[in-house]
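This report describes selected features of one protein model. Please look over the sequence and the structure before reading on.

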Amino acid sequence: MLQGDQLAAFHKELDLIQDCIRRMANNSFLIKGWTITYIGGILALFNGKLPVLLLALIILLGVAAFWSLDAFFLQTEKAYRELYKEVILLRPMGKFDNQYSLDPGPYVKHAGSRFDAAMSKTLCPLYGIPFVIAFVTCIFQIGMKINLVISCWPCDC
């Protein structure tokens, strides 16, 4: 059992890990807000001034970038939670290897892949819906352009 300085060090180490978890969760929250602001801003500023295909591509690329970044923060948060679990288990048994190490790298494999994080029930609907709408809009616009080229090809109208 931990006593005295070891107990204080144990609590300080847990506090540091909790701060990392809190920071990753806060970053994820901020990214979600930036995504909504980005989509709203692009639609408000450029709607009618840019072709629909270009507008949809800009939204598609921005949403994909924010989705990937948010998946990174969620994966890192899960890795820190795995580190937290290990510290909770090992320190009371007297194992102080890597004490105060805040490297989540060794725990990423336990946290799952970034793709798993991106497809989580919290990220997939938020990013998936605008991504699919922008993607379908791009496909539809490209299809309309191809159809126009094919229909005008023989007479070059």
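## Largest pocket

The largest pocket is lined by L83, E86, V87, L90, R91, D97, N98, S101, D103, P106 and Y107. The model is a predicted one, and the volume of this pocket comes to about 160 Å³.

Sorted by class, the lining of the largest pocket holds five nonpolar, two polar and four charged residues. The charged class takes in Asp, Glu, Lys and Arg, so E86, R91, D97 and D103 are the charged residues of the lining. As a general point, rolling a probe the size of a water molecule over the atoms shows where empty space is left.

## Aromatic pairs

Over the whole structure, a search finds five aromatic pairs. One of them joins W67 and F131: the ring centres are 5.8 Å apart and the planes stand at 70°, so this pair is edge-to-face. Planes over 60 degrees apart are what that label requires. W67 sits in helix α2 (residues 52–90) and F131 in helix α5 (residues 124–152), so the pair ties together parts that are 64 residues apart in sequence.

F131 also pairs with F135, and this pair is stacked, with 6.5 Å from centre to centre and 5° between the planes. F131 and F135 are four residues apart in helix α5, so about one helical turn separates them. Ring pairs link W67, Y127, F131 and F135 into a cluster.

## Exposure of the cluster

F131 is partly exposed, with a relative accessible area of 26%. F135 is also partly exposed, its relative accessible area being 40%.

## S120 in the loop

S120 is found in the loop between α4 (114–118) and α5. Leaving out residues up to four places away in sequence, S120 touches L74 and P125.

Terms used:
Residues are numbered from 1 along each chain as its sequence is written. This is a predicted model: local features need pLDDT of at least 70, side-chain atom pairs count only at pLDDT 80 or more; totals for chains, interfaces and linings use all residues. Side-chain values use heavy atoms; hydrogens and water are left out. Rings of Phe, Tyr and Trp (its six-membered ring) pair if their centres lie within 6.5 Å; planes under 30 degrees apart count as stacked, over 60 as edge-to-face and the rest as tilted. Helices (H or I, at least four residues) and strands (E, at least two) are DSSP runs, numbered from the N terminus. Buried means under 20% relative accessible area, exposed over 50%, partly exposed in between (1.4 Å probe, protein chains only). Contact means heavy atoms within 4.5 Å. On a 1 Å grid over the protein atoms alone, a cavity is a set of points where a 1.4 Å probe fits but cannot get out, and a pocket is an open set with protein on both sides within 12 Å along at least five of seven lines; lining residues have an atom within 4 Å of a point. Grid points are joined across faces, edges and corners, and a volume is the space filled by probe spheres set on the points.
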